[in-house]
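Please keep the structure open as you read.

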Amino acid sequence: SSVSGMLSACQQFGVLVSGVFAPHLVRFYDPLMVLRFALIFSALFSFTTPFCFYASGSTFGGVIALSRFIMGTFSAVCTSCVQGALFRIVKVEDAAALNGLALTFRGLGALFSPPIGGVLYTAVGAPAKAGASTG
């Protein structure tokens with residue numbers, strides 16, 4: 001639907017915007033510290049997204065769009081910081097293989113997370129919005 005497309009676009013727009021400044025964070029700050037910060041806030045927004053369904057009307061769209069944008073922002077920050085931190089914590093000769101492994105798992109996560117999410121949604125469901133029509 002157009003709503004799911006808009007929400008997906010919000011997350012990718014966050015990736016695009018933060019992809020410009022995220023690599024510069026690694027130059028000025030310790031990548032592991034930035035990665036911890038980004039992972040904490042990414043998890044926080046991931047866990048709070050289901051509560052957006054309790055918002056009603058236009059508030060719902062704005063709240064969940066903002067949440068998806070922020071999740072996309074932290075996603076790009078995590079990607080940059082993982083690659084920056086990788087070269088600080090492993091030997092140079094092992095960096096290429098571990099970078100490939102990290103990118104492989106990122107791809108597998110992108111591939112398998114939608115079906116897993118669908119199974120969880122089917123099993124658990126989502127709370128119905130107040131006043132939403134069911135038929």
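A residue is called buried when its relative accessible area is under 20%, exposed when that area is over 50%, and partly exposed in between. By that cut-off C10 is buried, because its relative accessible area is 17%. Keep in mind that the model you are looking at is predicted.

How many disulfides does the structure hold? The number is zero. A disulfide would need a pair of cysteine sulfur atoms within 2.5 Å.

Now for the aromatic rings. A pair of rings is described by two quantities, the distance of the centres and the angle of the planes. Searching the whole structure gives four aromatic pairs. One of them is formed by F37 and F74, with 6.2 Å from centre to centre and 75° between the planes, an edge-to-face arrangement. This pair links distant parts of the chain: F37 sits in helix α2 (residues 31-48) and F74 in helix α3 (residues 58-89), 37 residues apart.

Are these two partners buried or exposed, or something in between? F37 is partly exposed, because its relative accessible area is 45%. F74, on the other hand, is at 14% relative accessibility and therefore counts as buried.

F74 also pairs with F41: here the ring centres are 5.8 Å apart and the planes meet at 25°. Why is this pair called stacked? Planes under 30 degrees apart count as stacked, and the angle of 25° between F41 and F74 is therefore in that class. Because F41 lies in helix α2 and F74 in helix α3, the pair ties together parts that are 33 residues apart in sequence. F41 itself is partly exposed, with a relative accessible area of 29%. Taken together, ring pairs join F37, F41 and F74 into a cluster.

Finally, have a look at T73, which is also found in helix α3. T73 has a relative accessibility of 15%, so T73 counts as buried. Which residues is T73 in contact with, once its neighbours within four places in sequence are left aside? The contacts of T73 are G14, V15, S18 and F21.

Terms used. Residues are numbered from 1 along each chain as its sequence is written. This is a predicted model: local features need pLDDT of at least 70, side-chain atom pairs count only at pLDDT 80 or more; totals for chains, interfaces and linings use all residues. Side-chain values use heavy atoms; hydrogens and water are left out. Rings of Phe, Tyr and Trp (its six-membered ring) pair if their centres lie within 6.5 Å; planes under 30 degrees apart count as stacked, over 60 as edge-to-face and the rest as tilted. Helices (H or I, at least four residues) and strands (E, at least two) are DSSP runs, numbered from the N terminus. Buried means under 20% relative accessible area, exposed over 50%, partly exposed in between (1.4 Å probe, protein chains only). Contact means heavy atoms within 4.5 Å.
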